[in-house]
Amino acid sequence: MNISSIRGMHPQGPDRTGLWQEVERILVHIAKSYGYKEIRFPVLEKTELFCRAVGQATDIVEKEMYTFIDRNGDQLTLRPEGTASCVKAAHECALLNGQTQKLWYMGPMFRHERPQKGRYRQFHQFGVEVFGEPGAGVLLELILIIERIWKKLGIASQISLQLNSLGSTECRASYRELLVDFFSAHKDDLDEDSQRRLQTNPLRILDSKNPQMQSLIAMAPKLLDHLDEASRAELDSVRTVLDTSGIRYEINPHLVRGLDYYNGLVFEWVTDRLGAQGTVCAGGRYDGLVKQLGGRDMPAAGLAMGLERVLCLCEELETLQPNECADAYFVAFGSDAFAKMLNLKEDLHDRMEEYILQINTAGGSFKSQMKKADRSGAKLAIIMGDDELSEGCVGVKFLREDRPQEKVALTELENYLKSHLDKRKHHGINA
Ligand code: ATP
Ligand code: MG
């Protein structure tokens with residue numbers, strides 16, 4: 001192929017898609033088991049949606065969006081995140097009428113960033129959004145869902161939870177002034193990025209990853225010391241419940257999130273196993289967004305997980321090992337035997353939905369067919385030639401054991417296979 005691919009956008013071959021499916025299956029299963037329902041929304045939206053929701057002075061809107069003019073002259077953007085689109089879709093589906101809505105989504109997002117491990121231009125997020133509930137209850141539920149997911153994926157020991165509160169709009173505005181005063185007094189110590197942020201989005205200076213900035217940031221006034229009453233109470237009640245539930249967390253006063261719509265409690269799950277790209281999941285409360293986009297004034301909270309980073313952790317820790325090998329591999333010699341085998345296998349698929357039954361559809365010598373059977377990873381090869389066809393039986397060869405071949409009557413085959421094969425718990429077929 002002489003067409004080069006787009007940087008930071010990668011196909012996933014069958015050696016990895018099994019893991020993707022397994023992770024996705026667990027996420028969906030857990031979200032559903034808490035009563036969350038799926039919402040789907042377009043990959044493209046009017047650019048204005050993200051500018052208004054995510055915020056003009058954020059990294060995403062300033063420099064990461066894939067934006068273009070379509071044939072009608074409309075300015076469109078490939079979704080860089082899910083929350084803005086989710087709010088719009090929920091509004092269009094008439095879900096935002098005041099009653100609680102608990103929703104999840106999953107799919108590709110697009111950001112024009114510098115590609116590196118854990119950072120891609122097409123990446124995937126699983127997200128959860130709740131509309132219509134103020135208070136700490138829903139925040140706790142979100143945290144518990146994610147903690148359950150880490151446990152189920154087997155990566156909980158490598159991930160830790162950080163909390164902060166961004167306070168109300170009003171208290172953040174007065175804190176912003178304090179911060180601008182502080183950093184202005186130390187302007188010479190600010191790096192280029194932070195000098196720019198000082199004008200546009202001073203809270204984001206706190207999020208700087210530049211090591212040279214850290215000692216200054218540590219001295220800056222903390223929003224936590226200037227929180228409004230309600231945000232303080234929200235944070236305290238979340239902490240109280242987490243303390244009793246044994247979920248470990250850390251308060252990180254510099255956690256500000258890169259999107260403008262957040263207020264009140266915000267959280268991130270971080271790991272030090274992935275180098276610089278340490279955040280695997282992040283979210284918080286965003287009470288103003290629904291109204292800002294033209295809906296009712298209603299509370300909301302949500303979070304999004306970066307699936308590539310989660311997958312990478314699962315691979316490094318070797319926690320999930322999806323097995324997509326065949327259970328039994330069917331080989332036939334001669335066209336009559338092949339036709340018989342095909343039909344026989346159809347009957348077995350009806351009654352053995354949770355097994356992988358493969359057949360060689362390309363004919364060939366005994367040797368080449370047995371080679372394929374072996375490569376399929378199957379435990380058993382089911383063999384039919386002229387003799388077996390006329391006798392109404394098959395030969396069963398144990399591909400992974402040193403054990404003599406057996407002869408099994410066609411009428412007995414289903415029971416025979418079920419007693420010799422391990423039942424698959426899931427590989428997406430019957431889960
Ligand atoms: P970061 O600080 O890593 O840039 P962010 O604050 O931009 O993250 P969010 O917009 O909160 O990230 O997205 C939620 C999650 O999506 C992140 O925690 C991360 O796991 C994942 N994510 C974000 N951008 C990318 C990307 N370019 N490639 C892969 N995963 C990403
Ligand atoms: Mg980012």
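By class, the shell around ligand 1 holds six nonpolar, four polar and five charged residues, where Ala, Val, Leu, Ile, Met, Phe, Trp, Tyr, Cys and Pro count as nonpolar, Asp, Glu, Lys and Arg as charged, and the others, Gly among them, as polar. This is a predicted model, in which local features need pLDDT of at least 70 and side-chain atom pairs count only at pLDDT 80 or more, while totals for chains, interfaces and linings use all residues. Residues are numbered from 1 along each chain as its sequence is written, ligands are numbered from 1 in the order in which they are written, and side-chain values use heavy atoms, with hydrogens and water left out.

The largest share of this shell, three residues, comes from β10, a strand in the sense of a DSSP E run of at least two residues. The table lists polar contacts, meaning pairs of N or O atoms within 3.5 Å.

| Residue and atom | Atom of ligand 1 | Distance |
|---|---|---|
| Arg111, polar side-chain atom | oxygen | 2.7 Å |
| Tyr120, backbone N or O | nitrogen | 2.9 Å |
| Thr279, backbone N or O | oxygen | 2.9 Å |

Taken alone, ligand 1 exposes 590 Å², of which the protein buries 89% (Shrake-Rupley method, 1.4 Å probe).

Elsewhere, Phe183 touches residues including Leu190, Leu198 and Ala220, not counting residues up to four places away in sequence, with contact meaning heavy atoms within 4.5 Å.

Conventions
Polar contact = N/O pair within 3.5 Å; in protein donor to acceptor, adjacent residues only side chain to side chain. Helix = DSSP H or I, 4+ residues; strand = E, 2+ residues; numbered from the N terminus.
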